[in-house]
Amino acid sequence: MRHIQRLFPVLALVIPLLILVFVIDQFGSASIQRVSTEALIRLVFAVGLYIFAGNSGIVSFGHMTFCAVAAYASAWQTCCSMLKPITMSGLPGFLRDNTIPLIPAGLTSIGLAGGTAFLSGLILMRLSSLSASISTLALLFILNVVYSNWSSVTMGNSTIVGLPVYVTIWVALAAAIVAIVIAYLYQKSRWGLMMRATREDEVAAQASGTSLYWSRLIAFTLSGFVAGLAGVLFAHFMGTVSISNFFLNQTFLIVAMLVIGGMQSLAGAVVGVTLISVLIEVLRRAEMGYSIGTMDFAIPRGSQELILAGIMLLILMFRKGGIMGGREFRWPWLVEDDGVREPELAKRARLLKMRLGVR
Amino acid sequence: MTNIVQVLIDAVALGSLYALVALAIGLVFGVMRLVNFAQGDYITVGAYSLVIPTFAATPAMMFGALPTVAMIFCVVLTVTILALLTERLAFRPLRNSDPTTLLISSFAVSYFLQSLILMLHGGRPKAINIGESLTTAVQLFGIRIPGVQLLTMGVAVTLLVTLVLFLKKTPIGIQLRAAAENFQMARLLGVPANRVIAIAFAISGILGGTISLLFVIQTGTLDIRMGVMPTVYAFFATVIGGIGSLPGAVVGGYIVGIVSVLLQSYLPEEMRAFRDAGVFTLVILILLVRPQGLIVTSAAKERV
Amino acid sequence: MTKSRKEKLEANDIHVDFGGIKALNGVTLTLNAGDILGLIGPNGAGKTTMVNVLSGFQKPSPGTVHLDGHDVSALSARKMAQAGIGRSFQAARLFRGLTVLENLVVAGLGIGMTRKGATAQAREILNWIGYHHGHDRRCESLPYSDERRISIARALALQPSFALLDEPASGMNEHECERLMETIVNIPKHYGCGVMLIEHNMQVIMGVCHRIHVLDGGRSLAEGTPEQVKKDPNVLRAYLGDRSSRAGAVI
């Protein structure tokens, strides 16, 4: 029982997702399945970003970098064996002339993403939180410029097509669950706790022996790995890789989801992604228009982004912690007091006895 | 010989542009600890106010049809009003939030404005013909300089000098400078917060409007993302120059502009496209060596 | 994991300059294990700056800080905490989004304890200061006086050789002050460390300190036992000259 209580925050997220995916898989149209798969992949990325941004309080605008690194790495390994020597002639021999099986390719790509996060983190985590945020943006731009222009290796601004597509809704769900579990284990660990302490008060954290640098670096690297996972999934869901898919628009969308759901808790990330994914799908269809009888309704194009930005601002003004307010889903009958968990009924009984003066 | 001078002029012209944007960002940051991503969109809105909102690729003129002085006045006024509106509606309710919340909110406002322009004007770049005569080169001391660059440098210098005089000599300017360097202290001394912040935004609007015109003359195109790159460069400029320091923002702007042009001119041909990456990397390197930026102020340090 | 206890913390000829304002102008003081040293002085005398110097948040120039004879002047705040200097802050500075227990666990982790060890230590310290219930409450909703006690507890969770407490009694009523005094007096006895106490509340200072060091305008004015300091003419002048004087309490 206690184990379920302790795992409740994770189960409260995973089980509804499982049920939702099952329902969609059974009853949903092909397009709904596609949209849901994409939303799940976004969830992986959002959880990855949360691991760093939520626990450290530093917004990273650059996490798409790691996504892109992994996506391209997987493309280099698994795609286009015929065309690679021509379109990506700058690749080293062992990549250009070989095709690597999917799972090792995915793993090495994720590893590359994590490695990139670690190396860039070595530098970026030395900076103060505001400078670090801005520098992660610089990182994203650096990657964008490099990959857009290094045509011999990345095909520049052109899209790499023909990747094997193996990400179904269940694969995406599995990855999402893995990401959620990793995030939960991290935040429960000593490093997660120290990280959150630095988020709350950097000065007091230092006075309590915590290293800002190392705790941030660890979180940044871990979140890079998870972002890399999302990148591999993106690549093998769409079957294409293009640098424009890993830039500001996507970054803004995920940041908006985190802010609305609540950046400081895992539940916030999941709730944010889920709700906003539904919302934008609804809005997207509204933009395309409904026909009712002989009348056509459609909201103007571009309303989607507008409404999203508007909601984000409203949340920032009126409910800064987002929907979840930085809290996880807790075992509802838990009365947290004294470290001794007392069922609610027993507590009420005790208080009643006190009030009545009964021993 | 001529080549070096040409490069230097380019560098100073670009540096002036970045310095102006950096100053706008630095002012607002100083009084509110807000890094205003939306500054880029102020520039974009200013540029788009020249034309009538349509989806056409070569749209009809709106403010662009007015005689020069009126046109400048209208564009700058539009942007200034926009800046003040965003301050009043979006940023004032968030005034005492932590820097992270403010950063995200400016991101959101920026996105909001971009989406609005997208909705009104469509996403495709448009061609626009304003001040084209200025792009012709002028002969000066035996060097050919595009007129628009002279204009940019001239405008930048004028604005900078005016701003410096304003900040140093006028009472409200002095209050603004005090607030930008140390807001808490200034408030304790009786500086009116609302007014000072509004003025900072108004100035950032004026700068934004001016820059949008210079851009339009120089590039002849309208693009919803046209303000993004200069603003991003300007952030990095303020970070290099010293967060919370107004002179630092200007210095940072010139550094970024000059380095950018030097890289463009002297990098080997194949590497030229990577120029931007070079500038961004330089930013990170400078931050490493001197995390507070070049000019450190008390605003940058936290009181224990 | 218990660390080796340090015996002596010395600040030698400390100067700190804030752009023209000399917060500290040649102050020397020593803190010994087991001692309770009070640091008092009018507002702006440099007391908090002194704590910042001793805890690694402020580098003296010139001046040195020695811990058991080793020069620790250049150590960062984090290293000082790990070396055995614990401090509380004037503004409590608790980790608001974390629970009371977690606040202390972080400190335990900071000195390298295991999670289990840090948690057990945290409970023990909280119970010792009389905070028996509500270990799992989030700190953002705590009453003011609880905040201050817990911030002291957090400093103790570092297993410090020296605990520097910055105005722990501010805002407390008489009953809370008495309880605080009892706690502070027992810290050296229970934990063996030295305590430096900054306070404006003279009742607390006179009640718990073995020795008192008086600062004024960045300089040392006097040092001695409470009795000696009470009668020192320089001290009286400094306090009587100050409009928010607590002369009545001193005399």
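This is a predicted model: local features need pLDDT of at least 70, side-chain atom pairs count only at pLDDT 80 or more; totals for chains, interfaces and linings use all residues.
Two strands pair if DSSP finds at least two bridges between them. Residues are numbered from 1 along each chain as its sequence is written, while chains are lettered from A and ligands numbered from 1 in the order in which they are written. Helices (H or I, at least four residues) and strands (E, at least two) are DSSP runs, numbered from the N terminus.

**Where chain B touches chain A**

- Contact here means that the C-beta atoms of two residues, placed from the backbone, lie within 7 Å. On that basis, 37 residues of chain B are in contact with 35 residues of chain A.
- On the chain B side, α4 (99-121), α9 (228-241) and α11 (275-289) each supply at least two residues. The largest share, 15 residues, comes from α4(B).
- By class, the chain B side holds 29 nonpolar, six polar and two charged residues. Nonpolar covers Ala, Val, Leu, Ile, Met, Phe, Trp, Tyr, Cys and Pro, charged covers Asp, Glu, Lys and Arg, and the others, Gly among them, count as polar.

**A helix crossing in chain A**

- The axes of α2 (residues 30-56) and α13 (residues 248-261) of chain A come within 10 Å and cross at roughly 65 degrees. Axes are lines fitted to C-alpha atoms, for helices over the stretch in contact, and angles run from 0 to 180 degrees between N-to-C directions.
- α2(A) and α13(A) are therefore roughly perpendicular to each other, a label for angles of 65 to 115 degrees; under 35 is roughly parallel, over 145 roughly antiparallel and the rest oblique.
- From α2(A), the residues A:R42, A:F45, A:A46, A:L49, A:Y50 and A:A53 meet A:I254, A:M257 and A:L258 of α13(A). This contact has eight nonpolar, no polar and one charged residues.

**The four-stranded sheet of chain C**

- In chain C, an open antiparallel sheet of four strands has the order β2-β1-β4-β5. Its edge strands, β2 and β5 (70-71), each pair on one side only.
- β1 (residues 8-18) and β2 (residues 21-32) of chain C run antiparallel and are joined by nine bridges, with C:D17 opposite C:K22. Two residues lie between the strands of this hairpin, and C:G19 takes a positive phi near 50 degrees.
- Four bridges link β1(C) to β4 (residues 64-67) of chain C, where C:N12 stands opposite C:T64.
- Two bridges then join β4(C) to β5(C), with C:H66 facing C:D71.
- Helix α1 (residues 47-54) of chain C packs on the sheet and touches β1, β2 and β4; its direction makes about 120 degrees with that of β1(C).
- Eight of the eight residues of α1(C) are buried. A residue is buried if 20 or more other C-beta atoms lie within 10 Å of its own, exposed if 12 or fewer, and partly exposed in between, with C-beta atoms placed from the backbone.
- Just after α1(C), C:G56 takes a positive phi of about 90 degrees.

**Strand β9 and its partners in chain C**

- β9 (residues 211-216) of chain C has five of its six residues buried.
- β3 (residues 36-40) of chain C pairs with β9(C) in the parallel sense over four bridges, and C:G38 stands opposite C:I212.
- With β10 (residues 219-224) of chain C, β9(C) pairs in the antiparallel sense over five bridges. C:L215 has C:S220 as its bridge partner.
- β9(C) and β10(C) form a hairpin with two residues between them, and C:G217 in the turn has a positive phi of about 55 degrees.
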